[in-house]
Amino acid sequence: MTLFRKNLIDGEWLGEAGSRNINPSNTGDVVGEYASAGPEQAKQAIAAAKAAFPAWSRSAPLARHAVLKKASDEIMARKDEIGRNLAREEGKTLAEGIGETIRAAQLFDFFAGETLRLSGELVPSVRPGVGVEITREAVGVVGIITPWNFPIAIPAWKIAPALAYGNTIVFKPAELVPESAWTIVDILHRAGLPKGVLNLVMGKGSVVGQAMLDSPDVNAITFTGSVGTGKRVAAASVEHMRKFQLEMGGKNPLVVLDDADLAVAVDCAINGAYFSTGQRCTASSRLVVTEGIHDRFVAALKERMEKLVVGDALDARTQIGPVVDATQLKQDEDYIAIGRNEGAELAFGGERLDGATPGFYLTPALFTGATNAMRISREEIFGPVANVIRVKDYDEALAVANDTPFGLTSGICTSSLKHATHFKRNSEAGMVMVNLPTAGVDFHVPFGGRKGSSYGPREQGRYATEFYTTVKTAYTFAG
């Protein structure tokens, strides 16, 4: 019997089957069927969140701590099961799925602690006898819209701080990965959240997402997804004068200098460009390499790529899983054709593979002879495709790295403290890595970028307070 999951609205599981969740490693495997909310259910969820806000926002910190800690503990206890389901529905490897699940547990644990660390300021007024208190309070109803590439970590790093600081939530996950979203909501629901505090509305973005954008009762929206949709979120939010936070695309450079440790550089490139099937906004899609190490780097990189195992996400031997679905696979193949037509050389991969089961398999692709003006260097592909751009020296490498409409993350491989220090200061990215992959960040520190990659306060860590709270200044005259 096919698994069926419903939406959670005002504490009740509601809805009829609307969409099927397909395993990209085996398209004959149906993960389950999931309710698809219409505009009325979305409005009902928003109304429920609004009604629940006064009590939840004024609840005792220990009450919020207890829910978040209980959720963290259950996610960690079930990490193998949840991680396996994540890999099955999204296509990242089993090890990556379990690792992402652990990260979600860590996020809930961190923000459980944050409920007890909220603080304010007590400052003297310029007027005698007057005291000034500066405190933070919950924003209100928060709309959360998440993508398919991190089905449990991204929802966790949005839901956890929203709840910790006393907000109520309307949560719309990506249609491709509803099982991970449903699981995290089910865990929080059973952990003791009052009805209406967290509402799950699975369904189409054009329906559910639009209802959230159109509602004056949604006080803030946090969105991770495409640049185009992010701009629509921004425009709609300005109309309602609501807070909004956007995490969008990336075209991240990994600079490799002549003095780099070759093995370290290759490890960084393989991990950053191809793990998680390249489906990360932090992926190293541009490999900017100085001419003294260029040929050795490309040869070593191709040698490593030849050994990568592409296959079923649930197979323990697999290093690169399938692309998430047919649409993304076509986009990857279209960009590979674009790169060839632009004059870049496809030095490795870029071919469809037949697995033991029907799936969306693609060998990791590497272009050489690319320039930074090509579309494959300017536009986010969001797949296992990277291109090498040869440059003369560090100065040219930095200029090329910064010459992009995006600015999420960047990296440099070098043994020079001088160049590493200069790059950290002058890279136009929100996150900078030295001798590390551009993808892979800690859960307790800020995440976010610049330019076309991000807008609004940073996510994660204590910086999350900037988005999920509002500042109040109170004056008292003692008489």
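Predicted model: local features only at pLDDT ≥ 70, side-chain atom pairs only at ≥ 80, totals over all residues.
Axes here are lines fitted to C-alpha atoms, for helices over the stretch in contact, and angles run from 0 to 180 degrees between N-to-C directions. UniProt, in an unreviewed entry, places the feature "domain: Aldehyde dehydrogenase" at residues 20-473.

**The annotated span**

- The stretch that the UniProt record labels "domain: Aldehyde dehydrogenase" covers residues 20-473, and its end C-alpha atoms lie 49 Å apart.
- Residues 20-473 are 42% helix and 22% strand.

**Helices H13 and H14**

- The crossing of H13 and H14 is right-handed.
- H13 brings Tyr394, Leu398, Ala401 and Asn402 to the contact, while H14 brings His419, His422, Phe423 and Asn426.
- Sorted by class, the contact of H13 with H14 has 4 nonpolar and 4 polar residues, and no charged ones.

**Helices H4 and H5**

- Helix H4 (residues 94-114) packs with helix H5 (residues 153-164) at an angle of about 10°, and their axes are 9 Å apart.
- H4 and H5 are therefore roughly parallel to each other.
- On the H4 side, the contact is made by Glu100, Arg103, Ala104, Leu107, Phe108 and Phe111.
- On the H5 side, the contact is made by Ala153, Ala156, Trp157, Ile159, Ala160, Pro161 and Ala164.
- The contact of H4 with H5 holds 11 nonpolar residues, no polar ones and 2 charged ones.

**Helices H9 and H10**

- Helix H9 (residues 262-274) and helix H10 (residues 291-307) have axes that come within 10 Å and cross at roughly 55°.
- H9 and H10 are therefore oblique to each other.
- Their crossing, that of H9 and H10, is right-handed.
- H9 contributes Leu262, Ala265, Val266, Asp267, Ala269, Ile270 and Tyr274 to the contact.
- H10 answers with Ile293, Arg296, Phe297, Ala300, Leu301, Arg304 and Met305.
- In the contact of H9 with H10, 11 residues are nonpolar, none is polar and 3 are charged.

**The three-stranded sheet**

- An open sheet of 3 strands has the order E1-E5-E4, with mixed pairing.
- Strand E1 (4-5) and strand E4 (17-23) are the edge strands, and each pairs on one side only.
- E1 and strand E5 (residues 26-35) run parallel and are joined by 2 bridges.
- Phe4 has Glu33 of E5 as its bridge partner.
- Helix H3 (residues 79-90) packs on this sheet and touches E4 and E5, with its direction making about 110° with that of E5.
- Helix H6 (residues 178-190) also packs on the sheet, touching E1, E4 and E5, and the direction of H6 makes about 40° with that of E5.
- E4 and E5 run antiparallel and are joined by 6 bridges.
- Arg20 stands opposite Glu33 in E5; Glu33 is also the bridge partner of Phe4.
- E4 and E5 form a hairpin, and 2 residues lie between them.

**The seven-stranded sheet**

- In the other open sheet described here, 7 strands take the order E15-E18-E19-E14-E13-E21-E22, and the pairing is mixed.
- Its edge strands are strand E15 (345-348) and strand E22 (431-434), each of which pairs on one side only.
- On average, and with direction ignored, neighbouring strands of this sheet are turned by 25° against each other.
- Strand E14 (residues 284-290) pairs with strand E19 (residues 385-391) in the parallel sense over 5 bridges.
- Val289 stands opposite Arg390 in E19.

- Helix H11 (residues 326-342) lies across E15, E18 and E19, and runs at about 15° to E18.

Conventions:
Residues numbered from 1 in each chain as written. Heavy atoms only, no water. Helix = DSSP H or I, 4+ residues; strand = E, 2+ residues; numbered from the N terminus. Parallel < 35°, antiparallel > 145°, perpendicular 65-115°, else oblique. Left-handed = near helix turned anticlockwise from the far one by under 90°. Contact = heavy atoms within 4.5 Å. Nonpolar A, V, L, I, M, F, W, Y, C, P; charged D, E, K, R; others polar. Pairing = 2+ DSSP bridges. UniProt positions renumbered as here; feature names shortened; annotations may be inferred.
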